[in-house]
Amino acid sequence: MNKWNIGLIAVVVGIALFLSTRPAAQVQDMQAGFLSLLSPFFRTGTAVQEQLGSVGAGLKTLDQLEKENVTLLEENRVLLTTNNLLREIEGENNQLRQALAYRERSVFKLLPARIIARDASTWWNTVTINRGFADGIETDQPVLTEIGLVGKTTTVGKNETKVLLLTDETCRVGARIEGTKEQGIVSGIRVQSQRSTGELHLNFLTKNAPVEPSQKVYSAGVANGVFPSGILIGTVVEFRPRALDGQAVLEPAVDLSKIEDVFVILGAK
Amino acid sequence: MKNTIGLAIFCVVLFVLLLMQSFIPPIRFLEGARLLLVPALFCYAALTLPYPAMLAAALVTGFLCDVAYVHVVGGQVEIAVGWSIIYFVILGSIASGFRPEMSRGRWWPVIPLSIVGTSCFLLLQFVMISVRREGFFFSPETAWRILVPGLLAGPFAMLVHFVVSFFNQLFWPRATQRHSAAARSY
């Protein structure tokens with residue numbers, strides 16, 4: 001090997017070492033820049049995939065469309081009315097909570113977003129959505145659907161954001177089991193089996209916790225935590241008493257392999 | 001000049017493959033294993049490009065792989081950016097040892113190199129994650145996800161070779177004829 005090649009190896013290894021010492025914020029900036037570069041291709045690819053998938057399936061007659069439109073308008077009116085009524089009740093509830101010196105329940109602003117890419121990595125469970133800091137998204141904001149919790153935001157680009165899914169081992173959520181006083185921490189597992197919709201573990205329960213299959217698990221809303229309380233996480237499938245504590249195996253409420261549209265909780269209004 | 005064009009084409013194809021991988025879903029009947037095409041492409045480049053160009057390819061491949069898949073949670077980077085560059089420099093240096101075979105028209109080294117290179121890349125990632133998360137466990141799914149992408153990378157590398165040979169013949173027919181004659185005489 002000649003001197004030139006040795007020198008070049010030293011330069012390349014030096015660059016690698018320099019990059020490895022970069023702080024997390026700088027790494028996220030680099031990733032956000034790369035996401036921005038890929039974003040137009042992701043959007044086009046997703047649009048093409050949708051077009052291909054909807055050929056034939058989306059074709060409807062004018063009569064069918066008219067009927068569907070009437071039904072949707074009616075449903076929209078019902079939902080608007082219910083929403084207004086609930087807002088009144090919410091205001092009343094907060095007034096009563098204030099009167100009882102309770103902390104006021106905050107109302108969150110939801111930002112709709114669409115999944116434009118799924119992570120191609122083998123060991124991490126993430127997706128990319130079509131909203132970024134230009135829409136008000138920040139790191140560590142909860143992501144959900146109308147059914148339940150999906151995950152949280154990690155790297156935020158201008159018009160795209162990486163979302164860490166609930167099924168990832170590094171996504172941890174404080175949780176409580178419906179109908180009990182049991183609380184624990186939900187996390188995904190390192191290598192998810194493909195036979196199911198995903199598996200979650202609820203750890204640090206008491207050893208003899210009265211937990212039964214099909215009980216629902218909600219986020220507990222830890223102080224200064226990422227996730228607000230009361231969001232459905234999943235359903236208990238099995239309870240395993242261990243030497244020091246108990247562990248519940250959960251099935252996620254949301255099928256994370258099939259979701260296309262999500263909401264990001266932006267914060268208190 | 002030809003090497004510079006080769007390196008530029010490699011960078012474009014690498015970018016396209018990184019994009020393509022995002023649209024290829026995991027293979028459910030193979031325990032969710034994924035098609036990982038980048039190491040196989042790099043192995044082919046390392047077998048055909050001269051050493052300095054291979055180092056440039058390793059730098060680009062490693063950096064793009066790391067930036068595309070880096071996992072940052074709670075203000076911490078799980079696997080440091082830059083490790084892939086070192087991995088690809090090592091893999092490329094091993095592959096460069098087989099360049100004389102490649103120049104004689106024997107392209108078989110690309111298959112075992114792609115298989116081993118892809119699986120080792122995933123195995124190293126898994127080991128680093130396990131060290132970081134302070135807990136080792138190995139399940140049959142883990143083995144599938146490490147071995148299957150490697151086995152799929154072998155045929156992909158062959159495909160890359162045939163596509164490159166086809167275009168070589170199309171754009172540089174004389175060079176290809178000289179190359180074939182050299183291979184026969186050997």
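User: What makes helix α1 and helix α3 of chain B a packed pair, in terms of how their axes come together and cross?

Analyst: In this predicted model, the axes of α1 (residues 2-23) and α3 (residues 51-69) of chain B come within 11 Å and cross at roughly 20°, where axes are lines fitted to C-alpha atoms over the stretch in contact and angles run from 0 to 180 degrees between N-to-C directions. Local features here need pLDDT of at least 70, and residues are numbered from 1 along each chain.

User: Why is α1(B) called roughly parallel to α3(B)?

Analyst: Angles under 35 degrees count as roughly parallel, and the crossing is at roughly 20°, so α1(B) is roughly parallel to α3(B). The crossing is right-handed, the near helix being turned clockwise from the far one by less than a right angle.

User: Which residues make the contact, and how do they divide by class?

Analyst: With contact meaning heavy atoms within 4.5 Å, the residues include B:L7, B:F10 and B:L14 of α1(B) and B:A53, B:V60 and B:L64 of α3(B). By class, the contact has twelve nonpolar, two polar and no charged residues, Ala, Leu, Val and Phe being among those that count as nonpolar.

User: How do you know that the radius of gyration of chain B agrees with a compact globule?

Analyst: The globule rule, 2.2 Å times the number of residues to the power 0.38, is applied to a radius taken over C-alpha atoms; for 186 residues a compact globule would be near 16 Å, and chain B has 18 Å, which agrees.

User: What share of chain B counts as buried?

Analyst: Buried means under 20% relative accessible area with a 1.4 Å probe, and 48% of the 186 residues count as buried.

Notes:
Chains are lettered from A and ligands numbered from 1 in the order in which they are written. This is a predicted model: local features need pLDDT of at least 70, side-chain atom pairs count only at pLDDT 80 or more; totals for chains, interfaces and linings use all residues. Side-chain values use heavy atoms; hydrogens and water are left out. Helices (H or I, at least four residues) and strands (E, at least two) are DSSP runs, numbered from the N terminus. Angles under 35 degrees count as roughly parallel, over 145 as roughly antiparallel, 65 to 115 as roughly perpendicular and the rest as oblique. Buried means under 20% relative accessible area, exposed over 50%, partly exposed in between (1.4 Å probe, protein chains only).
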